[in-house]
Amino acid sequence: MTLTAPSEASAGPSPAASSRDLSRHPVALDVQHLVKGFRKKTGGSLLRPQYSESRAVDDVTFQVRRAEIYGVLGPNGSGKSTLIRAMSTLLIPDSGEVTVFGLDVVRDEAQVRRLLNRVSVDAAFYKKLSPRENLLYSAQLYGLSPEVAEERALETLKRLGLKEKAFYEPLEEMSRGMQQKVAIARAFLTSPVVVLLDEPTTGLDPKSRRDVQEFVLELRDVHQATIILTTHDMPEAERLCDRIAFISGGRFVAEGTPDELRALAGEGKSLEDAFIELTGEDLEEKGEEEP
Ligand SMILES: Nc1ncnc2c1ncn2[C@@H]1O[C@H](COP(=O)(O)OP(=O)(O)O)[C@@H](O)[C@H]1O
Ligand SMILES: [Mg+2]
């Protein structure tokens, strides 16, 4: 399947995110009661260590429709990356189910991997090699021909505003913004119809952030891609997302369009007000919890 698969959505310029009617689009991603915990050592002795189980993702349920941009908004440590990893077949859920166009991410892993790809902040690359070399290496792992991969990668990178020259230079000489663009180009080698973007713009300069945001909107509008995006940037969530979930302590505490979420906090309130009111937390950078 490719990004250009037909869809019932009409072509043409898309209206403002909050007024798009997606109710007739099929469900692309279905997450039901997802739980993922980690065992943490809490004391005891060397021979008899004591552990406690803490849930990074705690009974999360939601659905995302074809060509929808769904935002998961929460502070550091709230469970965003664990959720993304469990949806992308990288972590096995403790319980609950995730399906992508009806395919189960655990049972039908190989098929799901052809439909879905993930971009994360901590993308691993061979830093001494160029984007071209890195991407051709990945293409081989994906079973793509080098010619197709190179053309596709260059096209994505140019659209993201990367100069062609940079395609041939070592990655370690590049800014974080440029490296993130390469990570995005890599994810698009497989033409995923569902894209999981884990904090795609965190730590980027304003120009790169803008480039990435434009690209996300284009993916949806031109390719009808379904996008799940995590962020702790409120303006970004408002600009890009059709619907947003607030996540706090591994739980979804609210879900809706930006307008619906603002309304929960009361008249004249901002999305940030709504977040603070509903979670009792601030979105400002806060350190990871101590293990
Ligand atoms: N591999 C892991 N082992 C143990 N604990 C983890 C692991 N990954 C995440 N956690 C814990 O799960 C919680 C959620 O983390 P994470 O999903 O990375 O949040 P976020 O992406 O929102 O910052 C944190 O308390 C974190 O310490
Ligand atoms: Mg994270």
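Colleague: Hi! Which residues surround ligand 1?

Modeller: Ligand 1 is surrounded by F38, K40, A56, P75, N76, G77, S78, G79, K80, S81 and T82. Keep in mind that this is a predicted model.

Colleague: Thanks. Which elements each supply at least two residues of that shell?

Modeller: Those are β1 (27-44) and α1 (80-87). The most comes from α1, which gives 3 residues to the shell around ligand 1.

Colleague: What lies 2.6 Å from an oxygen atom of ligand 1?

Modeller: That is an N or O atom in the side chain of T82. For S81, a polar side-chain atom lies 2.8 Å from an oxygen atom of ligand 1. With G79 the backbone is involved: one of its N or O atoms lies 3.1 Å from a ligand 1 oxygen.

Colleague: And how much of the ligand's area does the protein cover?

Modeller: On its own, ligand 1 has 560 Å² of accessible area, and the protein covers 70% of that.

Colleague: Nice. Let's switch to E199. Where does E199 lie?

Modeller: E199 lies in the loop between β7 (194-198) and α6.

Colleague: Is E199 buried or exposed?

Modeller: E199 counts as buried, because its relative accessibility is 8% and the cut-off for buried is under 20%.

Colleague: What does the side chain of E199 make a polar contact with?

Modeller: With the side chain of T202, at 2.6 Å. Leaving out residues up to four places away in sequence, E199 touches N76, K80, V121, Q180, T230, T231 and H232. Both N76 and K80 also belong to the residues around ligand 1.

Colleague: Good to know. How about E53, is that one buried or exposed?

Modeller: E53 counts as exposed, because its relative accessibility is 52% and exposed means over 50%. E53 lies in strand β2 (residues 49-65).

Colleague: Which residues does E53 touch?

Modeller: Not counting residues up to four places away in sequence, E53 touches G37, F38, R39 and D94. Among the residues surrounding ligand 1 is F38.

Colleague: How many residues separate E53 and M178 in sequence?

Modeller: They are 125 residues apart in sequence, and their C-alpha atoms are 38 Å apart in space.

Colleague: On to the helices. What span should α4 have at 1.5 Å a residue?

Modeller: Its 14 residues, 146-159, should span 20 Å, and the end C-alpha atoms are 20 Å apart, which agrees.

Colleague: Which residues of α4 are buried?

Modeller: A149, A153, L154, T156 and L157 are buried in α4. They sit on the same side of α4, because they cover an arc of only 165° around the axis. The face turned away from that buried side carries the exposed residues E147 and E151.

Colleague: What do the buried residues of α4 pack against?

Modeller: They pack against α3 (131-142), α5 (176-187) and α6 (206-223).

Colleague: So what about α3, which of its residues are buried?

Modeller: The buried residues of α3 are P131, N134, L135, S138 and A139. Seen down the axis of α3, they fall within an arc of 140°, so they line one face of the helix. The elements covering these residues include α4 and α5.

Colleague: How far apart are the end C-alpha atoms of α3?

Modeller: They are 16 Å apart, which agrees with the 16 Å that its 12 residues should span at 1.5 Å a residue.

Colleague: Last one: which residue follows α3, and what is its phi?

Modeller: That is G143, with a positive phi near 75°. Just after α4, G161 takes a positive phi of about 85°.

Key:
Residues are numbered from 1 along each chain as its sequence is written. Chains are lettered from A and ligands numbered from 1 in the order in which they are written. This is a predicted model: local features need pLDDT of at least 70, side-chain atom pairs count only at pLDDT 80 or more; totals for chains, interfaces and linings use all residues. Side-chain values use heavy atoms; hydrogens and water are left out. Helices (H or I, at least four residues) and strands (E, at least two) are DSSP runs, numbered from the N terminus. The expected span of a helix is 1.5 Å times one less than its number of residues. Buried means under 20% relative accessible area, exposed over 50%, partly exposed in between (1.4 Å probe, protein chains only). The arc is that of the directions from the helix axis to the C-beta atoms. Contact means heavy atoms within 4.5 Å. A residue is near a molecule or strand if one of its heavy atoms lies within 4 Å of it. A polar contact is a pair of N or O atoms within 3.5 Å; within protein, one must be able to donate a hydrogen and the other to accept it, and residues adjacent in sequence count only if both atoms are side-chain atoms. Accessible areas come from the Shrake-Rupley method with a 1.4 Å probe; for residues, only the protein chains shown count as cover.
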